[in-house]
Amino acid sequence: MNMVPEVVLASSSPRRTELLRMLGIAHRVVSVPVNETMIFGDSVPSNVSRLAREKALAVASRVTQGLVIGADTVVVFDNQIFGKPTDANDAVDMLRKLQGHVHEVFSGVAVIDAKTLMARMDYRRVEVKMRKLSDAEIVSYVNTREPLDKAGAYAIQGVGARFIEWICGDYYAVVGLPLELTAHLLIESGYSF
């Protein structure tokens with residue numbers, strides 16, 4: 001009888017934990033700080049895939065077995081990358097830029113076998129249209145503190161959903177963990193549902 005490998009999430013994000021639970025994947029969380037600096041000259045897909053791999057690898061080097069999932073999500077608009085805002089003013093600035101426009105969300109996922117350090121990774125790209133917002137709406141939303149730890153300064157699965165006109169692509173990639181891709185990489189790495 002094949003044993004299902006343990007799954008370790010290399011992220012302290014409660015959203016990612018909830019998404020894995022949604023798929024019925026029992027897991028534990030081990031988060032290690034990783035430098036999330038983008039490499040200038042590399043494409044956004046290369047950067048989010050690399051960062052997802054680095055997060056998973058940092059945790060895989062500390063556990064002896066299991067499949068480690070790393071993920072990274074960024075928002076891109078007008079050739080500018082929006083990660084998590086540094087503070088409330090930065091969040092306001094991001095939302096002022098994104099409002100009324102289509103932007104892209106890139107979510108990279110990596111699954112590493114902690115025993116062999118074999119890595120599988122990929123990404124998903126999604127287009128998102130945010131409606132026009134008034135300054136009062138932006139400030140009121142930022143005051144909820146919801147956007148302060150979200151790439152692009154909004155949570156599509158939270159209060160920020162009221163600002164989104166449409167998306168084209170994987171909704172869960174915008175939340176921060178593309179589920180179909182994650183399940184595919186886990187299966188390729190020996191996990192069975």
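At 36% relative accessibility, Asp-149 is partly exposed (between the cut-offs for buried, under 20% relative accessible area, and exposed, over 50%, with a 1.4 Å probe and protein chains only).

## About the model

This is a predicted model, where local features need pLDDT of at least 70, side-chain atom pairs count only at pLDDT 80 or more, and totals for chains, interfaces and linings use all residues. Residues are numbered from 1 along each chain as its sequence is written, and side-chain values use heavy atoms, leaving out hydrogens and water.

Let's move on to Glu-180 and Arg-124, whose side chains meet in a salt bridge at 3.0 Å, N to O. Glu-180 sits in helix α6 (residues 179-188) and Arg-124 in strand β6 (residues 119-130), so this pair ties together parts 56 residues apart in sequence. Helices (H or I, at least four residues) and strands (E, at least two) are DSSP runs, numbered from the N terminus. Glu-180 is partly exposed at 48%, and Arg-124 is partly exposed at 25%.

## A pair within one helix

Glu-18 and Arg-21 form a salt bridge, with their closest N and O atoms 3.5 Å apart. They are three residues apart in helix α1 (residues 14-22), a separation of about one helical turn. Glu-18 is partly exposed at 43%, while Arg-21 is exposed at 53%.

Notes
A salt bridge is a side-chain nitrogen of Lys or Arg within 4 Å of a carboxyl oxygen of Asp or Glu.
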